Amino acid sequence: MSDAKTPFLTDVKTLRDRARQHLSRGAVTSTYTGDVSKAIELLQGVLATEIVCVLRYKRHHYMASGIHAQAVAQEFLEHANEEQQHADLIAERITQLNGEPNFNPEGLATRSHSEYVEGASLIEMIQEDLVAERVAIESYAEIVRFLGNDDPTSRRMMEEILAKEEEHAEDLKTLLDTLGPATT
């Protein structure tokens, strides 16, 4: 019984020949099946979202006051640092796709999926951060579905970031449950 299936992997000679073509494209090879410009556009929005989150968390870290402020401020700082790591990963991926990460502060708030809402009290700050995390969770999940198998590297990165955003949301919910009931 003869099995005439096509081999799983492309032969090595073909891989080597293709690798020598279009060197200026770097990591974007001929097997990339996604829309590079659309992926970059989506990642630019994620980059802006992460930067806005860093700024909001940093403000909340410094503005936290009250009896529970020290522990909550520390949580805000931890989240700010993780959001900065996300921004760095995204900027690096945009560059790998031959794009230019947009760090221009002009228009940052409009490019971001989440809003920059300061909150007056500790509870309001936590609530605003939770709202922003929930916005990120929904939009990042949509991006993961859009990328699918066309851009597995960006998809995996976004899945990891999404998991961290879900962790942040759960941390914030726990803080709200501990400090007082949410208003919505």
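**Exercise 1.** Is the crossing of α3 and α6 left-handed or right-handed? Work out how these two helices pack.

*Solution.* A quick note before starting: this is a predicted model, where local features need pLDDT of at least 70, side-chain atom pairs count only at pLDDT 80 or more, and totals for chains, interfaces and linings use all residues. Residues are numbered from 1 along each chain as its sequence is written, and side-chain values use heavy atoms, leaving out hydrogens and water.

Step 1: find the helices, which are DSSP runs of H or I with at least four residues, numbered from the N terminus. Here α3 covers residues 69-96 and α6 covers residues 152-179.

Step 2: get the geometry. The angle is about 170 degrees and the axes sit 11 Å apart, with axes fitted to C-alpha atoms over the stretch in contact and angles running from 0 to 180 degrees between N-to-C directions.

Step 3: classify. The pair is therefore roughly antiparallel (over 145 degrees).

Step 4: the hand. The crossing is left-handed, meaning the near helix is turned anticlockwise from the far one by less than a right angle.

Step 5: look at who touches whom (heavy atoms within 4.5 Å). Among them are Phe76 and His79 of α3, plus Met157 and Ile161 of α6.

**Exercise 2.** At what angle do α2 and α3 pack?

*Solution.* Helix α2 (residues 36-63) meets α3 at about 160 degrees, with axes 8 Å apart. That makes α2 roughly antiparallel to α3. The crossing of α2 and α3 is left-handed.

**Exercise 3.** Which residue just after α5 takes a positive phi?

*Solution.* Gly148 does, at about 45 degrees.

Note on methods:
Parallel < 35°, antiparallel > 145°, perpendicular 65-115°, else oblique.
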